[in-house]
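Here are my notes on the model, point by point. Please read them with the structure open.

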Amino acid sequence: MSLGLPPGSDLGTIDFDAPGTHRYTDDEWAVLEERADSGSPVEADLTYRQSFYGILTLQNGRNAAQLQPTDPSEKAEDCARAARVGGFTEAKMHEWDLPAKTVLCVVTDKGNIARVVITGFIGGDSGTTGEPPTQIGLRVTLWKPRA
């Protein structure tokens, strides 16, 4: 999968449960957030916005942990445990804080566990402030709890 950084005030989103990505205008996103306040949850798990900073944000109602690239575990129970402990809420990608091979473990709004590995970047310039990647490559494994 790939999550793109749209220009201007638009934002890119990814829903691990679907799975799928979507691009919203700022106005469209405001309507979705307003509906969420009325009890209709936003489906997206992560958003990527603000072309200068490239802010990657975990949406409300989710929990996530950032694991180091050296963490070898690919087991569902290890990822779920880390995600429930949490610690990750957002990253300013213009600072290139999440290198390739970083693992995010996410509890989605539907209670599924997503193990998200950053596989690489397209665009941007890690040596220049205000040049976040325009695309973040991701490898996602999704586990659904047993019924």
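1. Start with Asp109. This is a predicted model, and Asp109 has a relative accessibility of 25%, so it counts as partly exposed. The cut-offs matter here: buried means under 20%, and exposed means over 50%. Asp109 meets the side chain of Arg62 in a salt bridge, at 3.7 Å from N to O. The two sit in distant parts of the chain, 47 residues apart. Arg62 is in the loop between β5 and β6, and Asp109 is in the loop between β8 and β9.

2. Arg62 has a relative accessible area of 11%, so it is buried. Its side chain also meets that of Asp45 in a salt bridge, at 3.0 Å from N to O. Arg62 lies in the loop between β5 (55-58) and β6, while Asp45 lies in the loop between α1 (26-37) and β4 (46-49), so this pair ties together parts that are 17 residues apart in sequence. Both Arg62 and Asp45 are buried.

3. The side chains of Asp78 and Arg81 meet at 3.0 Å, N to O. Both residues belong to helix α2 and are three residues apart, about one turn of the helix. Asp78 has a relative accessible area of 27%, so it is partly exposed. Elsewhere, salt bridges that share partners join Glu43, Asp45, Arg62, Asp109 and Lys110 into one network. The salt-bridge count comes to seven.

4. Next, the sheet. What is the order of its five strands? It runs β1-β10-β9-β8-β6, in an open sheet with antiparallel pairing. The edge strands are β1 (2-4) and β6 (63-67), and each pairs on one side only. From one strand to the next, the twist averages 30 degrees. Helix α2 (residues 76-85) lies across β6, β8, β9 and β10 (135-143). The helix runs at about 110 degrees to β6.

5. Look closely at β8 and β9. Strand β8 covers residues 103-107 and strand β9 covers residues 113-122. They pair in the antiparallel sense over five bridges. Leu104 stands opposite Val116 in β9. Val106 stands opposite Ala114 in β9. The hairpin has five residues between the strands, and in it Gly111 takes a positive phi near 85 degrees.

6. Ile113 stands opposite Trp143 in β10. Is β9 largely enclosed or open? Seven of its ten residues are buried, so β9 is largely enclosed by the rest of the structure.

7. On the aromatic side, the count is three pairs. Tyr24 and Trp29 form a tilted pair, 5.5 Å centre to centre, with 55 degrees between the planes. Both Tyr24 and Trp29 are buried. Trp96 and Phe121 have ring centres 5.2 Å apart and planes at 75 degrees, so this pair is edge-to-face. It links distant parts of the chain: Trp96 is in the loop between β7 (90-92) and β8, and Phe121 is in strand β9, 25 residues apart.

8. Last, the nonpolar cores. Which residues touch the most other members of the largest core? They are Leu56 and Phe88, in a core of 20 residues. The elements that give two or more residues to this core are β4, β5, β8, β9 and β10. β9 gives the most, with three residues. Leaving aside neighbours within four places in sequence, Phe88 is in contact with Leu46, Leu56, Leu58, Ala64, Ala65, Gln66, Leu98 and Leu104. A second, separate core has eleven residues, among them Ala82, Val103, Cys105 and Val107.

Methods: Residues numbered from 1 in each chain as written. Predicted model: local features only at pLDDT ≥ 70, side-chain atom pairs only at ≥ 80, totals over all residues. Heavy atoms only, no water. Pairing = 2+ DSSP bridges. Helix = DSSP H or I, 4+ residues; strand = E, 2+ residues; numbered from the N terminus. Axes fitted to C-alpha atoms, helices over the stretch in contact; angles between N-to-C directions. Contact = heavy atoms within 4.5 Å. Salt bridge = Lys/Arg side-chain N within 4 Å of Asp/Glu carboxyl O. Buried < 20%, exposed > 50% of the residue type's maximum accessible area, 1.4 Å probe, protein only. Phe/Tyr/Trp six-rings, centres within 6.5 Å; stacked < 30°, edge-to-face > 60°. Core = buried A, V, L, I, M, F, W, Y, C linked by side-chain atoms within 4.5 Å.
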